[in-house]
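Visitor: I would like to learn how to read strands, sheets and surface patches in a model such as this one. Could we go through it feature by feature?

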Amino acid sequence: MAQERLVVPDPEVARLLYGEQDSHLRLVRDVFGVKVMAREGAVVVEGGEAAVGSALQSLQLMVRRAEEGRRLRLFEVEDIVEAVARDPGFSDEVRVDVRGGTYVTPRSKGQAAYLEAIRTHDIVFAIGPAGTGKTYLAVAMALSALRNGRVKKLILARPAVEAGEKLGFLPGDLEEKVNPYLRPLYDALNDMLDFAQVRKYVERDVIEVVPLAFMRGRTLNHAFVILDEAQNTTVGQMMMFLTRLGNRSQGVITGDITQVDLPPDELSGLVHAERILAAIEGIAFVHLTKGDIVRHRLVQEIVAAYERDAAERG
């Protein structure tokens, strides 16, 4: 049986750390299976050595955020606890400031490596299953670059429907046809910015969310450009996208090569790009795995089940 004591002398930090009716402390207790007690300006944790170490790591990360003056909402505490439970060595030192004190934090080592690749490379390919934060973290880095003045424009592109982008059979005008396929990109934006701020950026053409076909013939300078669902691009479409990048622009390409919707005889532009571009300096390929999945805990198990089934069927 191990015991650790975390001193929290600031009453306001302690209030944020404990949560409403000690909800944050109860969460730590339940996840790690330890006793957590608040005593005279300190938190005492008792239990198995490994569990106590993880619980203390979570509490220390929570204290650091509280000391920065953040509200430390329950979902943020859940993120921290889940990240430490997944990886006891987790640290949130790699963070993205998307809106003056509103941070997006990687929740796995793979995600941290992904953010570091975006910081240090002009073009980054992120390949991995659904729920690993490929698009979300790319949008966060793009908003940070926009806020810091490193770029003047954010462009998010996605193949619509299929690689051929055959939209004619859908009802409505062009905007009504393509919007459902661009919705996940808007969801990421709206999760990080106020709706009014997103709308203002879109109206001023600072943020542009477009089908991939609309990128043809453009040269994009001082822009952060994200291509989502890139596994559904053809080789020609991928080349077209990559050659749009102009001066002081940065590109992030995300996709899941296990979810290719192209015809069987059509090579995915994402698969082809990895094969021919991996050795070029300035281009990084980051592979995320089911261990980086940060959606509902069952998603990780679902992905693993499909992987097992695919392996059994060859």
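This is a predicted model: local features need pLDDT of at least 70, side-chain atom pairs count only at pLDDT 80 or more; totals for chains, interfaces and linings use all residues.

Visitor: How should I read the pairing of E7, and what stands opposite Ile155 in E9?

Guide: Strand E7 (residues 153-158) pairs with strand E9 (residues 223-227) in the parallel sense over five bridges, and Val225 in E9 is the residue opposite Ile155. E7 also pairs with E8, again in the parallel sense over five bridges, and there the bridge partner of Ile155 is Glu208.

Visitor: Is E8 largely enclosed or open, and why?

Guide: The general idea is that in a regular strand the side chains alternate between the two faces of the sheet. In E8, Ile207, Val209 and Pro211 lie on one side and Glu208 and Val210 on the other, and all of these are buried. Because five of the five residues of E8 are buried, this strand is largely enclosed by the rest of the structure.

Visitor: What is the strand order in the sheet of three strands?

Guide: That open sheet has the order E1-E3-E2, with antiparallel pairing, and its edge strands, strand E1 (2-7) and strand E2 (35-38), each pair on one side only. E2 and strand E3 (residues 42-47) pair in the antiparallel sense over four bridges, with Met37 standing opposite Val44 in E3. Helix H3 (residues 49-67) lies across E1 and E3 and runs at about 10° to E1.

Visitor: Turning to the surface, which residues form a nonpolar patch?

Guide: The patch consists of Ile257, Val260, Leu267 and Val271, which together have about 250 Å² of accessible area. One of them, Ile257, is placed in the loop between E10 and helix H10 (269-277).

Visitor: Why does Ile257 count as partly exposed?

Guide: The class rests on relative accessible area, where buried means under 20%, exposed means over 50%, and partly exposed covers what lies in between. Ile257 has 37% relative accessibility, and therefore counts as partly exposed.

Terms used:
Residues are numbered from 1 along each chain as its sequence is written. Side-chain values use heavy atoms; hydrogens and water are left out. Two strands pair if DSSP finds at least two bridges between them. Helices (H or I, at least four residues) and strands (E, at least two) are DSSP runs, numbered from the N terminus. Patches are made of residues with over 30% relative accessible area and no salt bridge: like charges are joined within 9 Å, nonpolar side chains (Val, Leu, Ile, Met, Phe, Trp, Tyr) within 5 Å. Accessible areas come from the Shrake-Rupley method with a 1.4 Å probe; for residues, only the protein chains shown count as cover. A salt bridge is a side-chain nitrogen of Lys or Arg within 4 Å of a carboxyl oxygen of Asp or Glu. Buried means under 20% relative accessible area, exposed over 50%, partly exposed in between (1.4 Å probe, protein chains only). Contact means heavy atoms within 4.5 Å. Axes are lines fitted to C-alpha atoms, for helices over the stretch in contact, and angles run from 0 to 180 degrees between N-to-C directions.
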